[in-house]
Each structure stands twice: as C-alpha cells, then as structure tokens.
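Q: I'd like a close look at how the charged side chains pair up here, and at what surrounds them. Could you walk me through that part in one go?

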Amino acid sequence: MKNISQRLYISTIAEDAAEKAREFSLGLEITEFCTAYNMDTCFDEFDAKARNKMQNVKRLTFHAPFNELSPAAIDPLILDVAKKRLHQAWNIMQEYHIDTMIAHSGFLPHVYYEEWFVEKSVDFWLGFLSDKPKNFKLHLENVLESTPAMLIKIVQAVGDARLTLCFDIAHAALMGPDIPVVTWAEQMAPHLGHIHLHNNHGQFDTHNALGDGIIDINAVLQKTAVLPDITFTIETINANESLKWLEANGFLG
C-alpha cells in the first residue's frame, strides 16, 4: 500500500502540472477557480486554461474558491455569497465531469467561537449536500485551525459519507509544534478523504517541494498511505522535484 501513484493528483498551481500528470499517469486537481473572480469577468480565459490542462488526464478533482468566503459567516449576506460561489463551482464541475470538490473550512481565529463555527458550518454543509448526487465527494480542508478537533466535529455532526476531511499538512505545520503533523494525521484518519502534500519552513505557506522544509512528509505518508480510500495531491509550485522525492522514497512504486 506504500505506492500511492493510482491515488495521486497534481495541483494545477504547478507550472508543470499537466505535463507531469500525463507523463506519470496521475490525476489533476483543478485550481483555476480558487479565486472566485475567475468565474466571472475572465471565465472564458480560465476555462480554456483548465480544459487544456485536463486533456488526456483521466482522474480529476476540483478545488473550490475560498478567498473571503466563510461557510460560518456571521453576516447573512456574506453567507449568501459563500453559497453562490460554491454553487457556481459545482456547476463548473458538472461541465468538466468532476465529482470531487475540495473546500476550505473558512475558519478565522479570534473571529469565531468554536461552538458557533461548528454549528453554522454543519448547517451550511448539510444544505450544500442536500441536492448533490450520491457519487459526489466533498473534502473539507484545514487552513487556520490550531487543532483538527473542530473539523472532526463538523464531519461527525453532518453524518454524511460524502463529506470527509482534506488534511493540508503544511497548513497544520504553520500552527506550531504543539501538535505534530503526524498526530494531526492520526486524529483525522477516521474521517480522512484527501491529503494536500507540500512543505514549508514553519513561517509562511510557501508550497515548497516535499523535501524542502521542516515537515517529515515521509512519516506522514507512512501513516496515511496504508489507508486504502485516501487520495493525495502534490500542491507545490513545481511538481517535478516532489515527484522525484516520492519516487526516491518508494511512494511511486
């Protein structure tokens, strides 16, 4: 189970994503619409870019827009915007024949109390999932949470097999050393559906190659590669160096 190649995607934030996905027979995580603006005025431009990258790639996931969007927003008008943008993303996914979405949790420290964030997030995701088909998958990603506890509570309370967690290991590393990244993985494992792989040096979310940073990615993959239903995305600025790292460490067979 150490070989993750059949479950591996490359984020299209990488300049060489499409080339390497085709070379290694990997999937792509489409990120052209992470910024919601790209779904509006310049949609045709980014649609063409995404379609070009997807050519001859068989496995696809879709990263939803996240800038300034919060599924637990206190202002109801902001909540309406979050709903609109995610439904726009859903419609684009249908055009691309993609059934898996990665979405940020939208948590902001010092803004949301845990009880509010969990309760309102549960309401939001229950509503979002209510009209989606059985084969739809939604992975909820950690960004600014200091522990995995709130996201685990959300998934448990929603109680829908279509909703799982996306563990972004580099985001977790930026939260400090109190909870090691491997411990995050262990706690999230029962609710885990997807993992974002990138590295940093503990200060900024720089999306470094897997071998360039403070995170022991080998240890994380040793824990998670054995979970049969977990998928992975290389989320680095350039994919080639990270593919070399995965190959050298035995994760590409």
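How many salt bridges does a search of the whole structure find?

A: Happy to. This is a predicted model, in which local features need pLDDT of at least 70 and side-chain atom pairs count only at pLDDT 80 or more, while totals for chains, interfaces and linings use all residues. Residues are numbered from 1 along each chain as its sequence is written, and side-chain values use heavy atoms, with hydrogens and water left out.

The search of the whole structure turns up ten salt bridges, a salt bridge being a side-chain nitrogen of Lys or Arg within 4 Å of a carboxyl oxygen of Asp or Glu. Side chains of opposite charge can pair when their charged atoms come close.

One of them joins the side chains of Glu32 and Lys53, at 2.5 Å from N to O. Glu32 sits in the loop between strand E2 (27–30) and helix H2 (43–54), and Lys53 in helix H2, so this pair ties together parts that are 21 residues apart in sequence. Helices (H or I, at least four residues) and strands (E, at least two) are DSSP runs, numbered from the N terminus. Glu32 is buried, at a relative accessible area of 7%; buried means under 20% relative accessible area, exposed over 50%, and partly exposed in between (1.4 Å probe, protein chains only).

Another salt bridge brings together the side chains of Glu186 and Lys223, at 2.9 Å from N to O. This pair links distant parts of the chain, with Glu186 in helix H7 (residues 181–188) and Lys223 in helix H8 (residues 217–224), 37 residues apart. Glu186 counts as partly exposed at 40% relative accessibility, and Lys223 counts as partly exposed at 43%.

Glu241 forms a salt bridge with Lys244, their closest N and O atoms being 3.6 Å apart. Because they are three residues apart in helix H9 (residues 240–248), about one helical turn separates Glu241 and Lys244. Glu241 is partly exposed, with a relative accessible area of 45%, and Lys244 is partly exposed, with a relative accessible area of 45%.

Lys20 belongs to helix H1 (residues 17–24) and is buried, at a relative accessible area of 10%. Its side chain makes a polar contact with the side chain of Glu23 at 3.0 Å. Here a polar contact is a pair of N or O atoms within 3.5 Å; within protein, one must be able to donate a hydrogen and the other to accept it, and residues adjacent in sequence count only if both atoms are side-chain atoms. Leaving aside neighbours within four places in sequence, Lys20 is in contact (heavy atoms within 4.5 Å) with Ile10, Asn240 and Leu243.

Together with Trp125 and Phe167, Ile10 is among the residues with the most contacts inside the largest nonpolar core, which has 81 residues. Such a core is a set of buried Ala, Val, Leu, Ile, Met, Phe, Trp, Tyr and Cys residues joined through side-chain atoms within 4.5 Å. Phe167, apart from its neighbours within four places in sequence, is in contact with residues including Trp184, Ala185 and Met188.
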